[in-house]
Amino acid sequence: MADSKSGLRKPVFTKVDQLRPGTSGHTLTVKVVNAKMVMQKGRSDGPQSRQMRIAECLVGDETGMIIFTARNDQVDLMKEGATVILRNAKIDMFKGSMRLAVDKWGRVEVTEPASFTAKEDNNLSLIEYELVNVVVE
């Protein structure tokens, strides 16, 4: 058992144009094109002030773009022009379109600026999907 590989797996980086609905476990390096706060509500009463913040950030790489939903502390990292690594990201569906999100099992980390420019004419969040139930007889 001593020769078995233990520890973390090496991440396999995905490109934005490879993302599909209902998938998870993606690791991507993307640039933040813009970030817009969509919800901010907090309670300052009590011993600890809880605040809920959600921002929609347009992120992309050289293959395409997608909307990333940043929550709470992730909002501070998503500055316009920043390059970030999204680890264990998943695809959420919102009104029929794909959104990228990182929950408590993933991580958002700022990295050194990337050399690519985001491909703005391939926005995956603009593609509308429809859930079709297939009946197998």
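Trainee: Which residue of β5 is the bridge partner of I67?

Mentor: This is a predicted model, in which local features need pLDDT of at least 70 and side-chain atom pairs count only at pLDDT 80 or more, while totals for chains, interfaces and linings use all residues. Residues are numbered from 1 along each chain as its sequence is written, and side-chain values use heavy atoms, with hydrogens and water left out. Strands are DSSP runs of E, at least two residues long and numbered from the N terminus, and two strands pair if DSSP finds at least two bridges between them; β3 (residues 64-71) and β5 (residues 97-101) run parallel and are joined by three bridges. Within β5, the bridge partner of I67 is R99.

Trainee: How many of the eight residues of β3 are buried?

Mentor: Buried means under 20% relative accessible area, exposed over 50%, and partly exposed in between, with a 1.4 Å probe and protein chains only. Strand β3 is mostly covered, and the number of its eight residues that are buried is seven.

Trainee: Why does T14 count as buried?

Mentor: T14 lies in the segment before β1 (24-43). Leaving aside neighbours within four places in sequence, T14 is in contact (heavy atoms within 4.5 Å) with L19, H26, T27, L28 and D61. T14 counts as buried because its relative accessibility is 14%.

Terms used:
Helix = DSSP H or I, 4+ residues; strand = E, 2+ residues; numbered from the N terminus.
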